[in-house]
Protein chains: 2
Amino acid sequence: MTAIAISRRLRGTPFTARVEAAGVKAYTVYNHMLLPAVFESLEADCRHLKQHVQVWDVSCERQVEIAGPDAARLVQRMTPRDISKAAVDQCLYIPLVDENGGMLNDPVAIKLAEDRYWISIADSDVLLYAKGLAIGGGYDVTVEEPEIDILAVQGPKSDDLMARVFGEEARGIRFFRGLWLSFEGTRMYVARSGYSKQGGFEIYLNDRALGEPLWDALFAAGADLNVRAGCPNLVERVESGLLSYGNDMTRENTPYEAGLGRYCGDAALLGCIGADALSREAGSGPRRMIRGLRISGEAVPACRDPWPVTVGGEGVGQVTSAVWSHDLKTNVAIGMIDRAHWEPGTAVRVDAPDGGREAEVATLPFA
Amino acid sequence: MTAIAISRRLRGTPFTARVEAAGVKAYTVYNHMLLPAVFESLEADCRHLKQHVQVWDVSCERQVEIAGPDAARLVQRMTPRDISKAAVDQCLYIPLVDENGGMLNDPVAIKLAEDRYWISIADSDVLLYAKGLAIGGGYDVTVEEPEIDILAVQGPKSDDLMARVFGEEARGIRFFRGLWLSFEGTRMYVARSGYSKQGGFEIYLNDRALGEPLWDALFAAGADLNVRAGCPNLVERVESGLLSYGNDMTRENTPYEAGLGRYCGDAALLGCIGADALSREAGSGPRRMIRGLRISGEAVPACRDPWPVTVGGEGVGQVTSAVWSHDLKTNVAIGMIDRAHWEPGTAVRVDAPDGGREAEVATLPFA
């Protein structure tokens, strides 16, 4: 076990003191910020998440605010998803691409007004991309990172807990929609969203002084719901087929390869960057795509460098996330598999660091 | 001590296996990549660095390659430093700024040819900024992250070790200049540079298959020089006044505030982004500036959230890096101090997490 070195550059959050008091055992770093990765253990954290309710410090899902007359035009320029029909307060999952159609991020955009968007980013500096585009292209917008820190409430008892703290209105929020709800007199955006398939909400805290009071209020109200501190859980997210930018897809991959073709409109018509490359790929289909894999044997080690996937000794893909699923009683994984071998059920071999293993291509999600 | 969670997103390097075999105790994350932070202890690592020679895995200093007819124009657009006089194979420290004159990075640029630059970046996605500017502004360039991984050789015996592995030619490299030298038949860029004041080189490895052979060759050749694995050392870098982007200055600070006014030319004449803001600040002078601080008392804890600096109860600045210096027998720190209080020798108070302490403003470097 290697420690994480403390410095200002790996930013703390309004909740870090509470997270540490709750016994966080491992951190990752995401958007230059600390993101808890383990409290008790991956397995125990996962079991609890599926049964009860957890409070997650996901402040690292930083917002890039794009505001001004050209805001919608700039957001549309970055993504092949058609954003023209979005309603105010709607959340939209929008792959962002570069001039080659390579993915730069896979954020959730929130349309706050016709001329104001928050882009809730995965782990890359979308702020700098948007600033570069705005400056280079002369867009009439401001591009900033507002002081918004997201606290997620996840798990099957999320509705009950949220109703107790934010009022019964919270129950009525539809998936990927949001409402402005009050906590201690301050209105903040609350969406039904989050990086698990167990149900839940994300609270866009807009006053850091309310961070610890909000955390404490959720714990006080949820004692009988068995609330505890949690975090995005590797087991649950792989079982649920939730992709992780930087892990499962990178700038080397198009949205089609990442299995996100359903979010791609006609890039050329939309005026999206990388339209040529994306249109070609929409025509030919991707040569490889995101898949699940069931990997045989004992629990796999953590995946850092991608693990080669082979058939008859030939490379046919790679595994980028892998973990033991105690519920499915097998190792579950996410990887990219070449077209000739991506059919679910295809037998492949995975070169894990502790040796070769038999594996089988699977559909996502696993569960 | 909190562990760092392993995943592909926190990229390993060609040297990670060697770094782990050498007993790395703590990592930080830098440009989405692992950067060792401690081997034996901050103090022991520092003492060794000042006496012998160390091999550092600083692969995280990623390169942004800007190539094509408009390369120089695009680089100049991002920085207020005049790059027009740079020689081929010269290294240039260039603050990068946004439309407000706020710092986005403080990389070293290497001019490889009139139409080809590598920007060796601090911790932010300059790749995305440059891509955004290039796409938005229609520059005729390609912007990519080449597979270059830097291995640094640092410490007073660096010249001896480098001469043994790369030939006597290495000794002749001047500060912030580079040469293309051969290792096992492959030519790679070698510069006299690095993130310490103990002297040394940075080797721009351009073939990952040669990573472990290069590491091993340096250790084999340096056994009698007491070579060991090291990393940028917090004690040495604060004593030496080496700034850390993301720690000591951020997008909230101009280059002038960061004490980098000597690298700023006439931004308006140069056509640099943020010229209005920079020209204003060049005229008025910054309202706060980077300073050293000597902080009294026992060894301070690690600095995560900036520590307020006060005079008579009024906020006059903040500390962003702080550590015990065993050589200077005091705590040394770097922070931003308001103009009225930034004179060296000014008595201030620092609110460290374990209590208030007397401190004194100092010039950088300390040693």
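Visitor: How many bridges join strand β21 (residues 347-352) of chain A to β22(A), and do these strands run parallel or antiparallel?

Guide: Six bridges join β21(A) to β22(A), and the two run antiparallel. This is a predicted model: local features need pLDDT of at least 70, side-chain atom pairs count only at pLDDT 80 or more, and totals for chains, interfaces and linings use all residues. Residues are numbered from 1 along each chain as its sequence is written, chains are lettered from A and ligands numbered from 1 in the order written, and side-chain values use heavy atoms, without hydrogens and water.

Strands are DSSP runs of E, at least two residues, and helices are runs of H or I, at least four, both numbered from the N terminus. Two strands pair if DSSP finds at least two bridges between them. In β22(A), A359(A) is the bridge partner of V348(A). Two residues make the hairpin that joins β21(A) to β22(A). β22(A) (residues 355-362) also pairs with β17(A) (residues 288-295), antiparallel, over four bridges. There, L293(A) stands opposite V361(A).

Now the other chain. β2(A) pairs with β1(B) (residues 3-4) in the parallel sense, over two bridges. A26(A) stands opposite A3(B).

The contact (heavy atoms within 4.5 Å) takes 59 residues from chain A and 59 residues from chain B. Together the chains bury about 4,900 Å², 55% of it on carbon and sulfur atoms. Buried area is the accessible area (1.4 Å probe) that two parts lose on being put together, summed over both. R8(A), R9(A) and R304(A) supply 20% of what chain A buries against chain B, more than any other three residues.

Ten salt bridges cross the interface; each needs a side-chain nitrogen of Lys or Arg within 4 Å of a carboxyl oxygen of Asp or Glu. One of them links E20(A) to R304(B), with the closest N and O atoms 3.4 Å apart. Elements that each supply at least two residues to this side of chain A include α1 (16-21), α4 (126-137) and β19 (314-325). α4(A) gives the largest share, ten residues.

How do the copies relate? Chain A can be laid on chain B with an RMSD of 0.0 Å, by a turn of 180° and a shift of 0.0 Å along the axis. That is the relation of a two-fold axis. The same surface serves both copies: 100% of the contact residues of chain A recur in chain B. The superposition is by least squares on C-alpha atoms of residues with pLDDT of at least 70 in both.
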